[in-house]
Amino acid sequence: MSETHLQNEAIHVDTERGNFSYPENYEFDAGVGLTEDTIKYISDVKNDDDWVREFRLKALEVFRKKPMPTNWADKDLENIDFDKIRYYLSKGQTPSRSWDEVPDDVKETFERLGIPEQERKFLAGVEAQFDSEAAYSRMKEDLEKEGVIFVGSTEGLAKYPEIFRPYFGKVIPTADNKFSALNSATFSGGSFIYVPKGVKLKQPLQAYFRINAENFGQFERTLIIADEGAEITYMEGCTAPKFETATLHSAVVELVALKNAKIQYITVQNWSSNVFNLVTKRGLADEGAEVKWIDCNIGSRLTMKYPGVVLKGKGARGEVLSIALANDGQHQDTGAKMMHLADNTTSNIISKSISIGKGRSTYRGQVHMPKHLKNCKNNTECDALLINTNSRTDTYPAITTRGQNNTVQHEASVSKVSAEQIFYMMQRGLSEGEAMSLAVNGFVNDLMKAFPMEYSVELKRLIDMEMEGSVG
Amino acid sequence: MTPTLETPMESLKANEPAWLAQRRAAGLEQFKSLPMPTARDEAWRFASVGKLEIDDYNPAEAPAEATLDALSERSNLVTERAGRMVYVDDVPADFECIHHELTEKGVIYLPIAEAIEQHPELLERYFLKESTELGSKKFFGLHAASAKAGSLLYVPRGVEIDAPFVNYYWTSGSRSAVFPHTLIIAEENTKVSVVDVLFSETDQNEALNVSVSNIHAGPNAHVFRKVVQDWNHRTVSFQLDTTVAERDAQVKNVAVNIGASRARYESQTRIDGPGADVKMYSLTVAEENQEFDQRTHQTHNAPNSVSDLLYKNALLSNARTIFSGLIQVAEGAQGTDAYQTNRNLLLDPTAEANALPGLEILANDVRCSHGATTGNVDEAELFYMMQRGIPRRVALQLMVFGFFEEVIDKIDSDELADNLRKLIHRKFDSRLKSF
């Protein structure tokens, strides 16, 4: 039985879940609540430069002024109590839960996903993963030879301000929304990556490794810059459930693809079902560049995430491929934004969502061709699959088009797994659950192909597990 | 806001029954207390609300007798009809009574003011009962406070009428505010059709229109309503329409929108009975600085029902259109088929089309889809025709009119369809020559 299945009560805030009695032995702890002092404390610990300190304090002002986006968003947001959140915990060393404290169903999940022993412990937050630590340093060496910079946010801003500062907070300004402001004030952790001109990374970089070097905060900040002609694939998160004591996760991810560069950013989000996951992700694509988001949302209580691409240069290309799976008590509010700002730009959005039990999945999208552009194209497809009679799905796209020879097409459909399909498969000896899983995997299959192989294998298993008990 | 608009006319108050006075007072209160829409309101997204002003309009003074006659004369889109009503600035200009055969069967076709006097119990049940959920509550309030012109059509059980009832609502005076109301009540096993025509006397007379129409389609009632909106470019218009469909009812709405400087069209369909089938078609031709703001709801509260929406917009020069539609399938409304299509044809690079096609689905055994496309004339198709010897200009015309034809085809009356083609072509011909 999967983690998300266990929580049927969506309404009250379950702050205890996943709280494996953390001993209070952090080296640095900014306390509960958010004030100027909290921010200053974070800056002191991180030894921020003056401009970063200022940036954080300004962001705090913005955060306080901005209203919650509750005029359109899920009312569940109102349940977030900003005064009860710890904004900064630095472990300094490895986390210190014990393996015995990890619940059995989680261990079972690892078992069935086929996650290696060492990784399981890391994923459960029990210990750092020494194997990958080693792998990380090996990888780092290779990358350094090519001139690639792969560091944490603090290190990136302190050591390489000439590279990162010009783009930091430019793709997603502090005032973009309340949660980007919150992140700008409190950010720590995340990856800062620079790929020099013409360097094409063959292997994907994984946040996974990065996590070890500096533990993933709940307000991580990622900035990836691919210089002219460079190519990079970045993978964040992983398929196993990630257990967090934090109830609010609010990241900011900025991608900058300069002329003819390519960035592919892959996320598999499987937070435990007490987490509010409110993430702002946006890429900037210069002339001939390509930014591609592959986004899978399986966990969390409420996810609000709409990866976007600003198509700034001629011939730029943007793509969002997303899979969302909402089980009982979950709301996956995801989507995509495509801002066409130059001629001959194209964008593609394919979103597939599956709602199980009382789960709710929402697609929210924006396609904007505001100026007198020529030859721009957008294609959007949203397909929703509803498993149970009380499952729910919504689609709210917004499309603005002007200009010459531009075409925009949006299509959405809602369907269920047909009784005939299930009957057919069961007749051939599959159990009802297996038949359902097969049908659902078939529904997302064409998107799965876009994933690296090992990810799609794990995702398939994960979907199988989520589907269990959903029929009958 | 002028004091005149906020004070319901004394004449209205005088003879009206208590329930109506109460609804008017509530409407006025709603109009006064609700704020003007802002750009932050989701229901007004993309609309240029900043330019929306309804100040300095007055309930119009009675037009001259000659004007009433002349405009009645011009009310000739449909010759074969079961009845006709003509209003100019909310003043009755002409009323063709229905055939006594229909009267004997119990059909009621009356101006609203007379209907209030003669059939108060019917009106109490239906008149001003369906407000809008699509954003214009404030303006619905204004309508409720001020509506005195309009028609009641009541068709009793089992009566089928082939010829349409035609209502003409003209504006004529300077900065006049009009509040036409069309109320259609079709009982079980009936068949009826209505045409509403919204016209301006000249190209110049400025006007504010806040019209409301309600269709109540009883079990297995067949209702067909057509709306032709061709205000002049100095008119600000709100059309707040609702349709309620009961078991096995079949309702078809066709709207052709050509005029007004700003036209907000709210169309709400609520399916309350299983087996109902509601169609919504609209064709809009937008040019110059016109803004057409269309908001629709298709709400399925009952299982095994069908709704289908097709809104087509053709845009020229600096025109803007906004289509915002939502299909809502309530929990338990299994077996729903709901479709929504919005097609925008951009004929000039400065025109802007916005589309917000939405779905909210709370049942799993449904077939729902929506599609929105925006684009220019397909060059490949043009090339195909030119290759076969058709000049580019003619080919373009054929394609644009072909785009319209899909909706005009639904009108189901050759005479009206021809008249609509004339209205649209008049708007288009001069432009197409310059392509």
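The legends below describe close-up views of a predicted model. Local features are reported where pLDDT is at least 70 and side-chain atom pairs count only at pLDDT 80 or more, while totals for chains, interfaces and linings use all residues. Residues are numbered from 1 along each chain as its sequence is written, and chains are lettered from A and ligands numbered from 1 in the order in which they are written.

**View 1. Packing of helix α3 (residues 50–65) of chain A against helix α9 (residues 178–186) of chain A.** The two helices pack at an angle of about 150°, and their axes are 7 Å apart. Axes are lines fitted to C-alpha atoms, for helices over the stretch in contact, and angles run from 0 to 180 degrees between N-to-C directions. Helices (H or I, at least four residues) and strands (E, at least two) are DSSP runs, numbered from the N terminus. α3(A) and α9(A) are therefore roughly antiparallel to each other (angles under 35 degrees count as roughly parallel, over 145 as roughly antiparallel, 65 to 115 as roughly perpendicular and the rest as oblique). α3(A) passes α9(A) in a left-handed crossing (the near helix is turned anticlockwise from the far one by less than a right angle; if clockwise, the crossing is right-handed). On the α3(A) side, F55(A), R56(A), A59(A), L60(A), V62(A) and F63(A) meet K178(A), A181(A), L182(A), S184(A) and A185(A) of α9(A). Residues are in contact if their C-beta atoms, placed from the backbone, lie within 7 Å. This contact of α3(A) with α9(A) comprises 8 nonpolar, 1 polar and 2 charged residues (Ala, Val, Leu, Ile, Met, Phe, Trp, Tyr, Cys and Pro count as nonpolar, Asp, Glu, Lys and Arg as charged, and the others, Gly among them, as polar).

**View 2. Helix α2 (residues 36–46) of chain A beside α3(A).** The axes come within 10 Å and cross at roughly 155°. α2(A) and α3(A) are therefore roughly antiparallel to each other, and α2(A) passes α3(A) in a right-handed crossing. From α2(A), the contact residues are E36(A), I39(A) and S43(A); from α3(A), they are V52(A), R53(A), R56(A), L57(A) and L60(A). By class, 4 are nonpolar, 1 is polar and 3 are charged. R56(A) and L60(A) of α3(A) take part here and also in the contact with α9(A).

**View 3. Helix α3 (residues 18–33) of chain B against helix α8 (residues 137–146) of chain B.** The packing angle is about 145°, with the axes 7 Å apart, and the crossing is left-handed. Among the residues in contact are R23(B), R24(B) and F31(B) of α3(B) and K137(B), K138(B) and L142(B) of α8(B). The contact of α3(B) with α8(B) has 5 nonpolar, 3 polar and 4 charged residues.

**View 4. The contact between chain A and chain B.** Here 33 residues of chain A are in contact with 34 residues of chain B. β20 (392–401) and β21 (407–416) of chain A each supply at least two residues of the chain A side. The largest share of that side, 10 residues, comes from β20(A). The chain A side has 10 nonpolar, 18 polar and 5 charged residues. β20(A) pairs in the antiparallel sense with strand β20 (residues 352–361) of chain B over 6 bridges (two strands pair if DSSP finds at least two bridges between them). The bridge partner of D394(A) in β20(B) is E360(B).

**View 5. Domain 1 (3–376) and domain 2 (378–435) of chain B.** The bounds come from an automatic or database domain assignment. The domain centres, taken over C-alpha atoms, are separated by 27 Å. The contact takes 20 residues from domain 1 of chain B and 16 residues from domain 2 of chain B. On the domain 1 side, β11 (222–230), β13 (250–257), β15 (277–286) and β17 (306–315) of chain B give two or more residues. β15(B) gives the most to this side, with 4 residues. The domain 1 side divides into 14 nonpolar, 2 polar and 4 charged residues.

Note on methods. Two residues are in contact if their C-beta atoms, placed from the backbone, lie within 7 Å.
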